[in-house]
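Look at the structure, then read on.

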Amino acid sequence: MDALDRVVKPKTKRAKRFLEKREPKLKENTKNAMLIKGGNANLTVTEVLKDIYAVKKPFAVLYKKKNITRPFEDQTSLEFFSKKSDCSLFLFGSHNKKRPNNLIIGRMFDYHVLDMIELGIEKFVSLKDVKNSKCPEGTKPMLIFAGDMFDVNEEYRRLKSLLIDFFRGPSVPSIRLAGLEYVLHFTAVDGKIYMRSYKVLLKKSGCKIPRIELEEMGPSLDLVMRRTHLASDDLYKLSLKQPKALKPKKKKNISHDVFGTTYGRIHMQKQDLGKLQTRKMKGLKKRPAEKSAEDGGVSPKKSKSA
């Protein structure tokens with residue numbers, strides 16, 4: 001039996017809180033990522049992992065020691081580290097003659113590899129090479145994807161989903177204008193993926209809406225897609241399944257148009273308009289003859305006594 005699979009009973013309150021955090025929840029925590037350096041990683045790959053870690057912090061774990069593993073051949077070590085660090089995303093960097101400057105980005109489902117995509121680094125500009133001001137740690141980025149390949153090709157579509165999962169950060173209930181200060185831009189063109197990061201500068205414009213400028217911040221990567229390991233459609237749908245408690249309840253007789261306006265349908269019984277209360281006016285009062293006709297021809301006048 002694996003040491004991580006056995007039932008562990010907490011001995012302290014701190015250990016109990018730690019295990020409770022790992023229990024399944026209706027609303028998932030922000031996904032953590034582990035960044036692993038391969039046994040033959042060079043300086044370029046090491047710097048890329050450090051910069052991605054700086055962008056992803058504090059929802060990331062960087063393993064500084066080299067790990068001799070090949071994710072496409074054997075995934076057991078990745079699954080072990082995933083359980084150990086409670087991470088559902090990973091980025092593995094390696095370098096060899098056949099595949100120089102190699103990155104493998106992927107995600108887990110139930111501590112098993114769901115899908116992963118291998119990318120080759122063709123050009124890299126690090127954070128320290130760009131002499132501009134940086135965004136503070138933990139800033140939630142705005143993600144922009146450009147290129148038809150992200151919508152047409154299945155592998156690129158899955159890569160887009162992977163990148164959104166990896167970089168989107170925590171879910172927030174509200175947004176303020178000053179908080180929109182970091183942009184990650186991905187472009188797919190001519191078989192390459194270009195990753196650029198910018199800092200948003202809000203300049204004075206003479207009106208309420210500020211003038212926006214983008215200043216390159218780093219890191220900058222030119223990537224090319226290599227091998228892919230994609231989950232089957234059934235497994236992918238299973239990983240997207242939501243618990244019933246989170247699904248919104250259907251409301252009857254309510255519809256929405258394209259502009260978001262809500263329409264409701266009300267069912268009423270047929271109304272008798274004859275009994276409708278109208279405004280009391282002398283001109284609308286019934287005459288004695290009309291009342292006697294309604295009462296069956298009996299005259300309302302009393303007969304005089306002899």
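## A ring cluster

In this predicted model, ring pairs join Phe145, Phe150, Tyr156, Phe166, Phe167 and Phe186 into a cluster. Rings of Phe, Tyr and Trp (its six-membered ring) pair if their centres lie within 6.5 Å; planes under 30 degrees apart count as stacked, over 60 as edge-to-face and the rest as tilted. The whole structure holds seven aromatic pairs.

Phe145 and Phe186 are stacked, 5.2 Å centre to centre with 15 degrees between the planes. This pair links distant parts of the chain. Phe145 lies in strand E6 (residues 142-146) and Phe186 in strand E7 (residues 182-189), 41 residues apart. Strands (E, at least two residues) are DSSP runs, numbered from the N terminus. Phe166 and Phe167 have ring centres 5.0 Å apart and planes at 65 degrees, so this pair is edge-to-face.

## Charges over rings

A charge sits over a ring if NZ of Lys or CZ of Arg is within 6 Å of the ring centre and within 35 degrees of the ring normal. Lys56 has its charged end over the ring of Phe166, 5.5 Å from the centre. Arg227 does this at Phe72, 4.3 Å from the ring centre.

## Cysteines

How many disulfides are there? The count is zero, where a disulfide is a pair of cysteine sulfur atoms within 2.5 Å.

Cys87 is buried, at 2% relative accessible area. Cys207 is exposed, at 53%. Buried means under 20% relative accessible area, exposed over 50%, partly exposed in between (1.4 Å probe, protein chains only).

## Ground rules

Residues are numbered from 1 along each chain as its sequence is written. In this predicted model, local features need pLDDT of at least 70, side-chain atom pairs count only at pLDDT 80 or more, totals for chains, interfaces and linings use all residues, and side-chain values use heavy atoms, leaving out hydrogens and water.

Notes: Helix = DSSP H or I, 4+ residues; strand = E, 2+ residues; numbered from the N terminus.
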